[in-house]
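Student: Please take one part of this model and go through it closely. I want the geometry, the contacts and the cut-offs behind each term.

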Amino acid sequence: MTPTPSTTTTGRRGLLALGLAALGTAAVPALAAPAVAVPAPRRAPGPGDPAAALAELRAGNERYAALRQLHPHQDAARRAAVAVSQQPFATVIGCIDSRVPPELVFDQGLGDLIGVRSAGQALDEAVLGSVQFALEELHVRLIVVLGHERCGAAAAAVEHVRTGHPVEGHIERVVEELAPAARATRHLPGDWVENSVRANVDRITRRLARDAAFADARIVGARFDLDTGRVAFHPS
């Protein structure tokens, strides 16, 4: 006698139940996790677009200050890509201070920024040549001069101007470069070192703007606040 469809279905269900009971719960396959959409990789601005480059630096610093960093361009694929070519979109002339690394402050990654660092952003021919190389050879048309709160180099320059005591060794060159800003702010109200930091950034941006080697660049001064993590930009 041929079993009816309902009997066949019931029998199969019973066999399935008996089989699962015999094998235990380990035999039940785990449900697949729902697919998670992977965001498209962030594309950095082109090196020849200073307005877009500045906007990206602003956005990156906002992420850094809010502790919402993307940590872009730090994977194996990016490392392989920049091993053969680079297209950085901004040059940052910054201080050597360990608390102000440009890639972290602006939430950028490999190949995004040209970082030229010296104590107090002190300029010499090597620094200027490095910035000019980035502009001419890599077409990086945004230059940011990044000063920062509680700068030790600025404090050394202020102390030298205040006391007149000589500075020994190679640090003398740094202090000489920052001393004009310290002298210019000596009688201003407020914190002398902080005023010197701001004056030094303004002085460097003006110097670069007058230099024909940087005529094709947009030069912007900025100050990093150690307490908040925020950068205040001052376009020139």
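**A loop, then a helix pair**

Tutor: R150 belongs to the loop between β3 and α6. Helices (H or I, at least four residues) and strands (E, at least two) are DSSP runs, numbered from the N terminus. The model is predicted, so local features need pLDDT of at least 70 and side-chain atom pairs pLDDT 80 or more, while totals for chains, interfaces and linings use all residues. Residues are numbered from 1 along each chain, and side-chain values use heavy atoms, without hydrogens or water.

R150 has a positive phi of about 55°, yet it is not a glycine. Most residues other than glycine have a negative phi. R150 counts as partly exposed, at 45% relative accessibility. The cut-offs use a 1.4 Å probe and protein chains only: buried is under 20% relative accessible area, exposed is over 50%, and partly exposed is in between. Q121 also has a positive phi of about 55° and is not a glycine. Q121 lies in the loop between β2 (113–117) and α5. Q121 is buried, at 2%.

Now the helix pair. α7 (residues 171–184) and α8 (residues 192–210) pack at about 115°, with axes 8 Å apart. That makes α7 roughly perpendicular to α8. Axes are lines fitted to C-alpha atoms, for helices over the stretch in contact; angles run from 0 to 180 degrees between N-to-C directions. Roughly parallel is under 35 degrees, roughly antiparallel over 145, roughly perpendicular 65 to 115, and the rest oblique.

Contact means heavy atoms within 4.5 Å. On the α7 side, E177, L178, P180, A181 and A182 meet W192, S196, A199, N200, R203 and R207 of α8. These residues divide into six nonpolar, two polar and three charged. Nonpolar covers Ala, Val, Leu, Ile, Met, Phe, Trp, Tyr, Cys and Pro; charged covers Asp, Glu, Lys and Arg; the others, Gly among them, are polar.

Look at E177 in α7. E177 is buried, with a relative accessible area of 8%. Leaving out residues up to four places away in sequence, E177 touches A122, L123, N200, R203 and R207.

α8 has 19 residues and reaches 27 Å from first C-alpha to last, close to the 27 Å expected at 1.5 Å a residue. The expected span is 1.5 Å times one less than the number of residues. Buried residues of α8 include W192, N200, I204 and L208. The buried residues of α8 pack against β1 (90–94), α5 (125–138), β3 (142–148), α6 (152–163), α7 and β4 (218–224).
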